[in-house]
Amino acid sequence: MSQLLEAFRLARLPEEAEAFRQEVREFLATNLAPAAPAVRARTWMGFDAAFSRRLAERGWVGITLPAQYGGAGLDAFRRFVLVEEMLAAGAPVAAHWIADRQSGPLINKFGSEAQKDFYLPRICRGEAFFCIGMSEPNSGSDLASVRTRATRVEGGWRLTGRKIWTTNAQRSHYMIALVRTSGTPGDRQGGLSQLVVDLSLPGINIRPIVDLTGDAHFSEVTFDDVFLKEDALIGDEGSGWMQVNAELAFERSGPERLYSSVVLLDTWMQCLRQTGFSPADATLIGGFTTQLATLRSLSVAVTTKLARGESPVVEAALVKDIGTEFEQAIPAAIEAAVAADPTRAVDADLHRTIAYLSQISPTFSLRGGTREILRGMIARGLGLR
Amino acid sequence: MFTEAIEAILVDQCTPAAIRAIENGGSATALWSALAESGFLELMASEDAGGAGLDLEAIFPIFVAFGRHALPVPAAQSIAARALLGEVAAPQGMVTLAGHARRADDGSVSAGNVAFGAIADHVLANIDGQLVLLDCARAQRTATGIRGSLAASLRWTSDAVGAPVGGNGEQVAVFSAALHAAAIAGAMERMFSMTLGYCNDRVQFGKAIGKFQAIQHQLSVMAEHVACAGVAAELAFQAGEKIPPLLAAATAKARTSASVPLVASTAHALHGAIGVTEEFDLQLYSRRLHEWRMADGSEAYWNRIVGETMLAHTAPSVLQFVMEEIL
């Protein structure tokens with residue numbers, strides 16, 4: 001058997017992490033306002049700065065960051081539990097999500113002491129929201145072809161170019177952008193660096209992009225000769241590609257790649273309990289249940305590797321690819337099941353939740369790397385590339 | 001340590017040639033004796049009764065190994081039978097399991113599609129919730145007519161049906177399903193490594209076919225399903241338990257079975273025509289995957305049990321149900 005598959009052995013969350021789950025549930029019971037399922041289904045697309053600040057007051061923003069910066073310093077297992085409980089409840093976590101999951105850990109790993117002292121406490125207080133500037137109009141999956149350029153000038157950098165599909169740029173304070181600091185797009189990975197950009201600076205224009213559900217969660221950001229100070233550079237000049245891959249490993253390894261449609265699954269379960277169900281309904285929801293139990297076990301196996309200090313990049317890609325398939329299958333199958341009999345009325349809340357997820361679910365296998373990118377990574381892990 | 005010892009016996013005795021011989025009606029005695037005489041059938045029996053007292057977590061890799069080697073004798077069933085029988089002594093010879101035997105009005109008992117029914121000496125059956133030991137020498141055996149299959153349907157007249165030996169008949173189908181889940185996981189491991197190896201070796205258009213992206217992506221998806229099947233099977237085999245719990249076994253059997261079509265068809269597609277030949281070993285596993293998917297109920301059966309249980313439950317979310325009742 002390949003080494004990759006050997007990583008997937010059944011693992012359990014330690015008892016401390018399960019005890020921590022109770023604290024999270026208590027917090028959510030008092031701090032999460034009731035909301036319709038179609039709203040809760042937005043979870044990590046749902047932006048609520050007030051909720052993020054309450055979470056920060058509880059000490060749970062910057063959950064993996066060191067205590068000296070105000071972080072919770074939680075291990076990978078507790079992070080798993082916190083994220084799992086918030087997503088399962090449909091908590092609106094988008095405001096602090098990127099900073100908590102990616103930007104904070106990135107700064108902590110590659111940033112200077114001054115950068116850590118400045119940004120990390122703000123992240124942990126829920127005062128600094130981040131977005132990630134990766135994709136560009138002509139650079140999506142082929143991320144190494146980015147053209148946005150920062151040129152060294154007296155005292156700093158001049159930044160010119162354009163980022164697109166940037167989640168919540170219009171509501172964030174900072175962007176960590178992958179930009180070219182030397183060479184040409186033909187040089188590929190070489191000459192790329194990561195810069196932190198204060199989005200209130202002159203020369204920055206942010207245009208929200210409305211999606212098919214009516215939400216505007218992503219946007220296009222234009223940089224027109226924006227002056228950045230010297231200390232905008234995160235890590236080493238020219239190390240952007242390596243850093244961005246480390247960052248994507250943070251992004252792909254959590255349980256958030258299983259739970260995007262569980263609010264719908266729960267809503268449908270409640271409807272079936274109230275209205276009765278056919279054998280086909282029971283088989284279908286039972287199938288999603290056995291699949292969820294399996295995928296969560298895979299995700300815990302990845303978390304166990306993270307907790308041991310390993311970097312399970314390929315394992316995480318594997319779980320994300322099959323996890324998003326599960327997330328996309330749920331609205332597709334429930335849509336068919338509830339309309340199996342056109343003479344029966346469909347619960348309005350359930351209907352809206354199905355519609356939202358059916359419409360938005362194509363993004364599940366785009367964000368954080370497309371299927372094709374992930375399958376290429378798995379193939380490399382299998383020694384095929 | 002048991003796993004290594006059994007693996008050594010399997011490598012030595014359970015060769016593709018030996019499997020084919022037994023499938024073609026040859027004697028299974030040599031292979032069976034190698035396992036039985038080493039005491040491996042007593043792995044789950046209590047230490048007081050001279051067994052090794054293994055729990056499900058410890059026995060799991062052995063059941064997977066049986067699947068990985070396409071073992072053509074009911075060693076897994078015979079080991080499980082000893083756990084199901086508890087204090088009752090197991091009979092000599094090959095014991096297999098029948099989770100859904102039925103008693104007719106005339107008192108006769110029939111069990112359809114019993115795994116290893118064609119060669120077993122005894123069947124430990126569930127009859128209306130009762131645990132009953134049945135002697136195959138007194139059964140009418142009807143072969144399935146499927147080439148190479150060792151399953152058979154069995155029927156006993158009422159005078160051949162003894163008194164129940166336990167009240168835990170319901171556990172037979174659950175344990176048998178869990179065994180088949182582990183076997184599926186093992187056979188999938190083998191098919192995956194055969195397929196990966198083949199794609200690295202087979203050259204077309206001047207390069208190994210594994211260098212083509214279309215092939216790579218199929219192997220990646222196959223790996224995802226093999227990983228799912230392995231972890232799902234393991235769910236039924238938890239530490240400290242002797243008998244798999246119903247919903248964990250249901251999850252294991254449903255999820256492993258659900259991946260059978262994709263894993264078997266991808267393995268065959270990537271092997272090309274050689275893969276469906278009798279002489280190439282891939283078929284030893286793919287035939288079994290399909291048989292095991294149907295054994296004790298497919299995903300259609302077990303998912304429905306899980307679904308109905310959850311809908312009758314009070315857990316407020318699917319995740320909470322999964323955490324409380326399955327994991």
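In this predicted model, the centres of domain 1 and domain 3 of chain A, taken over C-alpha atoms, are separated by 20 Å. Local features need pLDDT of at least 70 and side-chain atom pairs count only at pLDDT 80 or more, while totals for chains, interfaces and linings use all residues. Residues are numbered from 1 along each chain as its sequence is written, and chains are lettered from A and ligands numbered from 1 in the order in which they are written. Chain A is divided into domain 1 (3–129), domain 2 (131–239) and domain 3 (244–381); the bounds come from an automatic or database domain assignment.

Domain 1 of chain A places 28 residues in contact with 31 residues of domain 3 of chain A (contact: C-beta atoms, placed from the backbone, within 7 Å). On the domain 1 side, α3 (37–40), α5 and α6 (94–110) of chain A each supply at least two residues. Helices (H or I, at least four residues) and strands (E, at least two) are DSSP runs, numbered from the N terminus. α5(A) gives the most to this side, with seven residues. By class, the domain 1 side has 19 nonpolar, three polar and six charged residues. Here Ala, Val, Leu, Ile, Met, Phe, Trp, Tyr, Cys and Pro count as nonpolar, Asp, Glu, Lys and Arg as charged, and the others, Gly among them, as polar.

Helix α5 (residues 76–89) of chain A also meets α10(A): the axes come within 8 Å and cross at roughly 140°. Axes are lines fitted to C-alpha atoms, for helices over the stretch in contact, and angles run from 0 to 180 degrees between N-to-C directions. Ala76(A), Phe77(A) and Phe80(A) of α5(A) make the contact with Thr303(A), Leu306(A) and Ala307(A) of α10(A). Five of these residues are nonpolar, one is polar and none is charged.

The contact between the chains takes 41 residues from chain A and 40 from chain B. On chain A, α1 (3–6), α9 (262–275), α10 (279–307), α11 (313–338) and α13 (371–381) each supply at least two residues. The largest share, 16 residues, comes from α10(A). The chain A side divides into 24 nonpolar, ten polar and seven charged residues.

In chain B, six strands form an open sheet of mixed pairing, in the order β4-β3-β1-β2-β6-β5. Two strands pair if DSSP finds at least two bridges between them. β4 (130–135) and β5 (140–143) of chain B stand at the edges with a single partner strand each, so one side of each lacks a neighbour in the sheet. Neighbouring strands are turned by 30° against each other on average, direction ignored. β2 (109–114) and β6 (152–156) of chain B pair in the antiparallel sense over four bridges. Ala111(B) stands opposite Leu154(B) in β6(B).

Two helices lie across β1, β3 and β4 of chain B. Helix α5 (75–85) of chain B runs at about 65° to β1(B). Helix α6 (170–201) of chain B runs at about 130° to β1(B).

The largest nonpolar core has 238 residues. Such a core is a set of buried Ala, Val, Leu, Ile, Met, Phe, Trp, Tyr and Cys residues joined through C-beta atoms within 7 Å. A residue is buried if 20 or more other C-beta atoms lie within 10 Å of its own, exposed if 12 or fewer, and partly exposed in between. Leu195(A), Ala178(B), Ile184(B) and Ala223(B) have the most contacts inside the core. α6(B) gives the most to this core, with 19 residues.
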